[in-house]
Amino acid sequence: PEPAEPGSLAVVAVGEDGAPLGLPGACYAVADGGDRIRVCDNDERDVDPADGTVRLDDLPPAGYTVSQT
């Protein structure tokens with residue numbers, strides 16, 4: 001089989017009712033079991049310019065764990 005293509009991961013904080021909270025500046029830890037990176041809304045790693053949404057591109061295929069920091 002051909003190698004899997006890199007992918008993207010988007011994080012949007014939502015409330016208990018499922019509505020987006022729109023947390024500008026929120027930070028998250030993203031881990032794949034080995035490596036761990038920290039990304040904050042609208043920092044240099046966040047490729048989504050919208051407030052309250054964090055997106056990482058070109059991630060290698062893996063299972064990721066995301067937690068708010």
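# Reading a five-strand model

Mentor: The protein has zero helices and five strands. Keep in mind that this is a predicted model.

Trainee: In what order do the elements run from the N terminus on?

Mentor: The order is β-β-β-β-β. The C-alpha trace spans about 40 × 25 × 20 Å along its principal axes.

Trainee: What share of the 69 residues is buried?

Mentor: Buried residues make up 28% of them. Now look at contacts between residues with a separation of 6 or more. Of these, 49% join residues 24 or more positions apart.

Trainee: Let's turn to the core. Which residues make up the largest nonpolar core?

Mentor: Start with the general idea. In soluble globular proteins, nonpolar side chains tend to be buried together. Here the largest nonpolar core has ten residues: Leu9, Val11, Ala13, Ala26, Tyr28, Val30, Val39, Val54, Leu56 and Leu59.

Trainee: Which elements give two or more residues to this core?

Mentor: They are strand E1 (7–12), strand E2 (27–31) and E4. The largest share, three residues, comes from E4. Take Leu59, one of the core residues. Leaving aside neighbours within four places in sequence, Leu59 is in contact with Pro6, Gly7, Leu9 and Tyr64.

Trainee: Next, disulfides. How many does the structure hold?

Mentor: A disulfide is a covalent bond between the sulfur atoms of two cysteines. This structure holds one. Cys27 and Cys40 form it, with their sulfur atoms 1.9 Å apart. The link is right-handed, with 105° about the S-S bond.

Trainee: Which parts does the pair tie together?

Mentor: Cys27 lies in strand E2 and Cys40 in strand E3, so the pair ties together parts that are 13 residues apart in sequence.

Trainee: Are Cys27 and Cys40 buried or exposed?

Mentor: Both Cys27 and Cys40 are buried.

Trainee: What about charges? How many salt bridges does a search of the whole structure find?

Mentor: The idea is simple. Side chains of opposite charge can pair when their charged atoms come close. The search finds one salt bridge here. The side chains of Asp57 and Arg55 meet in it, at 3.0 Å from N to O.

Trainee: Where is Asp48 found?

Mentor: Asp48 is in the loop between E3 and E4. Asp48 is buried, yet has no salt bridge. The nearest side chain of opposite charge is Arg55, 4.3 Å away.

Trainee: What does Asp48 touch?

Mentor: Not counting residues up to four places away in sequence, Asp48 touches Asn42, Thr53 and Arg55. Look also at the backbone nitrogen of Ala50. That nitrogen lies 2.7 Å from a polar atom of the Asp48 side chain.

Trainee: And where is Asp41 found?

Mentor: Asp41 sits in the loop between strand E3 (36–40) and strand E4 (53–59). Asp41 is buried and has no salt bridge. For Asp41, the nearest side chain of opposite charge is Arg55, 11 Å away.

Trainee: Which backbone nitrogen does the side chain of Asp41 reach?

Mentor: That of Gly25, at 3.1 Å. Not counting residues up to four places away in sequence, Asp41 touches several others, including Leu23, Pro24, Ala26, Asp46 and Val54.

Methods
Residues numbered from 1 in each chain as written. Predicted model: local features only at pLDDT ≥ 70, side-chain atom pairs only at ≥ 80, totals over all residues. Heavy atoms only, no water. Helix = DSSP H or I, 4+ residues; strand = E, 2+ residues; numbered from the N terminus. Buried < 20%, exposed > 50% of the residue type's maximum accessible area, 1.4 Å probe, protein only. Lys, Arg positive; Asp, Glu negative; His and termini not counted. Salt bridge = Lys/Arg side-chain N within 4 Å of Asp/Glu carboxyl O. Polar contact = N/O pair within 3.5 Å; in protein donor to acceptor, adjacent residues only side chain to side chain. Contact = heavy atoms within 4.5 Å. Core = buried A, V, L, I, M, F, W, Y, C linked by side-chain atoms within 4.5 Å. Disulfide = S-S within 2.5 Å.
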